[in-house]
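Reader: I would like to go through the aromatic contacts of this model, with each label set against its cut-offs.

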Amino acid sequence: MDESVIYTNCKIIISGGEDYVGYISEKKDKSVIQGSIPQHNLVTSSSTIKIFQQKSLVEPEAIKQLESTAKMPNVMVAVGLPDLHPGKGCPIGAAWASKGVFYPHLIGNDIGCGMSFYKTSIKNKRIKLDSWISTLHGLESPWEEDTSSWLESSGVAPTPYDQKTLGTIGGGNHFAELQQVEEILDPTKFSELGLNSDYLYLLVHSGSRALGENVLRTHLDAFGYKGLVEGTVEAENYLKQHDAAMAWAKCNRELIAHRFMHCLTQSPIVHPSKLGDGKSSVTSDGSTCILDIWHNCAVKKEFVVEIDGHTQKEHLWLHRKGAAPSDSGVIVIPGSRGAHSYVVLPIPDIEKQQSSAYSLAHGAGRRLPRNVALKKGESSKGDLTVTDLGGRVICEKKDLLYEEIPDAYKDIDNIIQDLVSFGLIEIIAKMRPLITYKTRVKSYDKVDYRKEEEEPSE
């Protein structure tokens with residue numbers, strides 16, 4: 001039984017878990033396509049919209065945005081995850097599948113934004129928060145070493161943005177967070193994943209910075225919000241830039257992790273390929289990368305769909321916007337800086353995975369617009385650099401500190417519970433934040449990188 005919320009057109013139907021069959025949506029406007037869709041790829045049937053939500057809060061505006069984007073030509077599936085919330089024109093915490101055409105604006109400007117998760121070399125018994133707070137610095141500033149060499153060692157081409165932004169976190173909801181294992185819910189799988197509660201962990205959330213912004217801006221300047229037909233020159237050009245931004249974003253997270261661990265251990269920053277131990281995902285101090293995933297991307301994926309009354313397999317363009325993959329193994333779903341994060345495994349059921357467009361919630365999702373959170377943070381009388389869980393926050397930009405208050409985000413426990421209720425994940429471990437690094441004060445420039453993120457500014 002399909003337990004998700006299903007609706008089409010302009011009505012919102014909240015399901016208690018019963019089966020529901022949608023109806024035909026409005027006719028789709030072909031003018032939002034750059035070029036012509038070949039007849040064999042033309043889809044005239046309505047799209048299916050699902051929202052995987054029971055306990056978590058989903059705003060009406062986010063639902064409207066999901067509904068609107070589902071009406072674009074050849075979009076066959078639109079999914080809202082429990083962290084669904086409004087974005088700039090399209091929602092965040094969502095995934096779409098389309099046939100023969102893809103839409104760059106659904107992916108957004110921070111192409112390749114995602115998370116990496118490291119088991120560090122630091123033992124749990126050696127926590128030195130006060131000392132580490134004083135030694136952690138520079139992750140908002142340009143890396144002073146050879147960025148071209150770092151990228152080359154990863155097989156990634158250099159860009160005009162490397163010297164200023166490679167190895168930097170960025171603004172908005174991006175962070176690097178040192179974590180401690182709070183609770184192990186599945187000891188066997190926890191161990192099988194190579195995890196060990198004797199050690200601390202590092203979660204890095206960042207993306208392609210100004211590079212991804214430039215890729216989307218180039219597309220918008222040329223084609224606006226039009227989709228691109230696969231196989232065309234325009235589509236191939238975009239995909240080449242998209243893939244380059246994805247690879248760059250992964251390198252960025254890797255270098256952030258190395259810089260973070262260098263601050264704590266004073267170990268040299270050396271590209272993993274040059275360590276000489278045959279491992280490609282470790283830092284020089286011995287920290288190991290457990291996972292690296294993308295939240296904003298477009299990939300081809302096989303779906304079983306119904307077209308003109310016939311059920312068939314189709315390779316569709318899967319767009320993720322603030323959505324974690326359910327087909328790439330273990331992931332971490334973080335809460336706000338004042339809440340726990342969860343290590344989870346997707347349920348290996350292909351029907352369940354397809355029902356959620358092979359996607360999961362990527363975090364708690366914003367509850368308050370930034371301007372509202374800013375005012376609430378400004379009026380707060382408490383110390384916002386210390387959380388209710390005892391974690392420390394490094395954020396020397398007051399506006400950003402206020403905009404990212406824990407109350408600005410939804411309850412992560414409700415997000416996780418919804419994913420469990422729909423049979424999409426199993427929880428492996430619960431993590432406690434120790435230090436959340438956002439930014440020190442930058443003096444070398446006045447560039448505001450808050451736009452290079454998944455969240456809308458207002």
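**Aromatic rings and their partners**

Author: Searching the whole structure finds six aromatic pairs, where rings of Phe, Tyr and Trp (its six-membered ring) pair if their centres lie within 6.5 Å, and planes under 30 degrees apart count as stacked, over 60 as edge-to-face and the rest as tilted. This is a predicted model, in which local features need pLDDT of at least 70 and side-chain atom pairs count only at pLDDT 80 or more, while totals for chains, interfaces and linings use all residues. Residues are numbered from 1 along each chain as its sequence is written, and side-chain values use heavy atoms, with hydrogens and water left out.

Reader: Why is the pair of Phe117 and Tyr201 called stacked?

Author: The ring centres of Phe117 and Tyr201 are 5.3 Å apart and the planes meet at 15°, so the pair is stacked. Both Phe117 and Tyr201 are buried, that is, under 20% relative accessible area with a 1.4 Å probe and protein chains only.

Reader: What makes the pair of Phe303 and Tyr358 edge-to-face?

Author: For Phe303 and Tyr358 the angle between the planes is 85°, at 5.2 Å centre to centre, and the pair is edge-to-face. Phe303 and Tyr358 are both buried.

Reader: How do you know that the charged end of Lys119 sits over the ring of Tyr199?

Author: The criterion is NZ of Lys or CZ of Arg within 6 Å of the ring centre and within 35 degrees of the ring normal; the charged end of Lys119 sits over the Tyr199 ring, 5.5 Å from its centre. Arg366 likewise lies over the face of Tyr409, at 5.2 Å from the ring centre.

How values were computed
Buried < 20%, exposed > 50% of the residue type's maximum accessible area, 1.4 Å probe, protein only.
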